[in-house]
Amino acid sequence: MSDSWWRQAVVYQIYPRSFADANGDGIGDLRGITSRVEHLRDLGVDAVWLSPFYPSALADGGYDVDDYRDVDPKLGTLADFDEMQAALHAAGIKLIVDIVPNHSSNRHEWFRAALAAGPGSPERERYVFRRGGGPNGEEPPSDWVGYFGGPTWEPVGDGDWYLHLFAPEQPDFNWANDEVRADFLRTLRFWSDRGVDGFRVDVATALVKDMSLPLPTQAELDAEDVVPGTHRLHDRDELSEVYAEWRAVFDSYDPPRMAVAEAWVPADRIKRYTSPDSLGQAFNFDLLQAQWDAAAFRAIIEEHRRLDLASGSSSTWVLSNHDVIRHRSRYGLPPGTDETAWLRSGGQDPAPDLERGLRRARAATLLLLALPGSTYLYQGEELGLPEVADIPVGARQDPVWAISGGDVKGRDGCRVPLPWEATGPSFGFGAGPAHLPQPGWFAGLAVATQSDDEESTLSFYREAIRARRRLQTAESVEITDSAGDDGDTVLQFARPNGWTSITNFGTEAVELPAGRVVISSGPVEDGKLPGETTVWLVAAEG
Ligand code: BGC
């Protein structure tokens, strides 16, 4: 693969605590991943994106990092990391690690030092401390509300408060501080020297903030019609300087390390993250948020094609990750369902149509895999796993659950450990019960259950990824259906070599054009494409 292998890669996200547990403590670990590399090789993925595996008290599933240059002892050692990476590389699979630069955990040695050193100290300058309001500093510096709900300021008992845009255990770094900037460059080099191929950059838009006084209120923050690039907390122009420094580090390696930004920003801002002198690529969450609708999919694909041509980057297509309801369940719910309320009902109200959800999920996956750009798959989607929406209250781990006082159920339902076998205390995940309870119906979806079944979703993923590899062309796509005709329900596009993908978003079968069927997401008979199905065609002689 070339230096720009990431441009059209199939990347598989591993949420390590829930992938495979080699030591039987109920938490997935690095040796567990090593033991399952064969699964990844059989699937045919080009790369793995590994969610955080650093030492962490797991206040936010590992996105609260105690030490950026070590492995959580619950997950293994640096030697285990090297062994896992070597096994992946030997199987021809690249490794992208998750880097969390917006905040550390409150157990990071710098944060402990900041607490010990007191107000006005250089140690506190590495984070965002401000004096509280009121006569004795007992009021927070502002009324801001964090991403998980709840206040963004935590008092430390001496009149100072620290900023945390996420959980209180995740203090935000001060990116105006030179030590912070230098330390992250050191971390990037540390993992690059060890041989990783790239980085996924968590909350890439929030690092740089304007904290000058007076601080605006939340209402002012929300209402402000700010000039793009000047919002107090998000997507500030100065971020480009940070990422230019990072890019210099990435490009000092041969091959250059890639990076992909988690950046929820409007289309006209995305190139600040995707350009070659910045991180190079960014997540595109648009299809993940789109309704099951041909016109919506078409508009998103066209827009991202335009953006790619403008920035020189390539798109990332994604339907599921560790932060959202699994797409099989989403696609089984009526349009407009309030997902938070649905989770509150334990996944009962309304009851999802999981057959339909799976049909659409498979069709959407096949569509994604035909697009130019890279496709990000989330562990378990190759098994057709739905969301586990009824995790008992006592087992909930997502900080959102506690911060909302038990109102918002959070993201645990997509993080339930994978079923590898149909039997056993945790369906082959480990030797004992898993850290999040697995439902009994996981048995029917286990890897071992599906592996030799040609009709299974697992077999379908394997075949689709193999076919994609065979057909892959330059990054180019032409939408070839005609809106207004079948265009309302059918989305058809082709690559330069004639590799054509057709998705029928409707429920009625439609005529297929001439061509040889390479693969379809559901049965195709008598020259007709059934509803909620995708097919790939090539020229009859191809
Ligand atoms: C990650 C989340 C995490 C948050 C805070 C997000 O972008 O994907 O899982 O809770 O960042 O680190």
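Reader: Let's start with Asp-98. Is it buried or exposed?
Author: Asp-98 counts as buried, because its relative accessibility is 0% and the cut-off for buried is under 20%. Keep in mind that this is a predicted model.

Reader: Good to know. Where is Asp-98 found?
Author: Asp-98 is part of strand E3, which covers residues 94–99.

Reader: And how far is Asp-98 from Tyr-54, C-alpha to C-alpha?
Author: Their C-alpha atoms are separated by 9.7 Å, while along the chain the two residues are 44 apart.

Reader: Nice. What about Val-128, where does that lie?
Author: Val-128 belongs to the loop that runs between helix H4 (109–117) and strand E4 (129–131).

Reader: Buried or exposed, that Val-128?
Author: Val-128 is buried, since its relative accessibility is 5% and buried means under 20%.

Reader: How far apart are Val-128 and Ser-51?
Author: In sequence they are 77 residues apart, and in space 25 Å from C-alpha to C-alpha.

Reader: Changing topic: the ligand. Which residues are closest to it?
Author: The closest are Asp-60, Asp-202, Glu-262, His-322 and Asp-323. In total, 14 residues surround the ligand.

Reader: What kinds of residues make up that shell?
Author: The shell divides into seven charged residues, four nonpolar ones and three polar ones.

Reader: Which pocket does the ligand sit in?
Author: The ligand is in the largest pocket.

Reader: Can we get down to atoms? What is the distance between Glu-262 and an oxygen atom of the ligand?
Author: A polar atom in the side chain of Glu-262 lies 2.4 Å from a ligand oxygen. For Asp-323, a side-chain N or O atom is 2.5 Å from an oxygen atom of the ligand.

Reader: Great. Now the backbone: which residues does the cis peptide bond with omega about -5° at Pro-214 join?
Author: That cis bond joins Leu-213 and Pro-214. Pro-214 lies in the loop between strand E7 (198–201) and helix H6 (218–223).
Author: There is also a cis peptide bond from Asp-254 to Pro-255, with omega near -5°. Pro-255 sits in the loop between helix H7 (239–251) and strand E8 (258–261).

Reader: Why point those out?
Author: Because most peptide bonds are trans, and most residues other than glycine have a negative phi.

Reader: Then what is the phi of Phe-427?
Author: Phe-427 has a positive phi of about 55°, although it is not a glycine. Its place is the loop between helix H14 (399–403) and helix H15 (447–451). Phe-427 is buried, because its relative accessibility is 11% and the limit for buried is under 20%.

Reader: And Glu-532, what is its phi?
Author: Glu-532 also isn't a glycine, and its phi is positive at about 55°. You can find Glu-532 in the loop between strand E17 (528–529) and strand E18 (533–538). With a relative accessibility of 2%, Glu-532 counts as buried.

Reader: Back to the loop between H14 and H15: how does Gly-428 count there?
Author: Gly-428 lies in that loop between H14 and H15.

Reader: Last stop, Gly-515. Where does it lie?
Author: Gly-515 is in the loop between strand E15 (510–511) and strand E16 (516–520). At 31% relative accessibility, Gly-515 counts as partly exposed. Gly-515 and Thr-500 are 15 residues apart in sequence, with 9.0 Å between their C-alpha atoms.

Terms used:
Residues are numbered from 1 along each chain as its sequence is written. This is a predicted model: local features need pLDDT of at least 70, side-chain atom pairs count only at pLDDT 80 or more; totals for chains, interfaces and linings use all residues. Side-chain values use heavy atoms; hydrogens and water are left out. A residue is near a molecule or strand if one of its heavy atoms lies within 4 Å of it. A polar contact is a pair of N or O atoms within 3.5 Å; within protein, one must be able to donate a hydrogen and the other to accept it, and residues adjacent in sequence count only if both atoms are side-chain atoms. On a 1 Å grid over the protein atoms alone, a cavity is a set of points where a 1.4 Å probe fits but cannot get out, and a pocket is an open set with protein on both sides within 12 Å along at least five of seven lines; lining residues have an atom within 4 Å of a point. A molecule sits in a cavity or pocket if more than half of its atoms lie within 2 Å of its grid points. Ala, Val, Leu, Ile, Met, Phe, Trp, Tyr, Cys and Pro count as nonpolar, Asp, Glu, Lys and Arg as charged, and the others, Gly among them, as polar. Helices (H or I, at least four residues) and strands (E, at least two) are DSSP runs, numbered from the N terminus. Buried means under 20% relative accessible area, exposed over 50%, partly exposed in between (1.4 Å probe, protein chains only).
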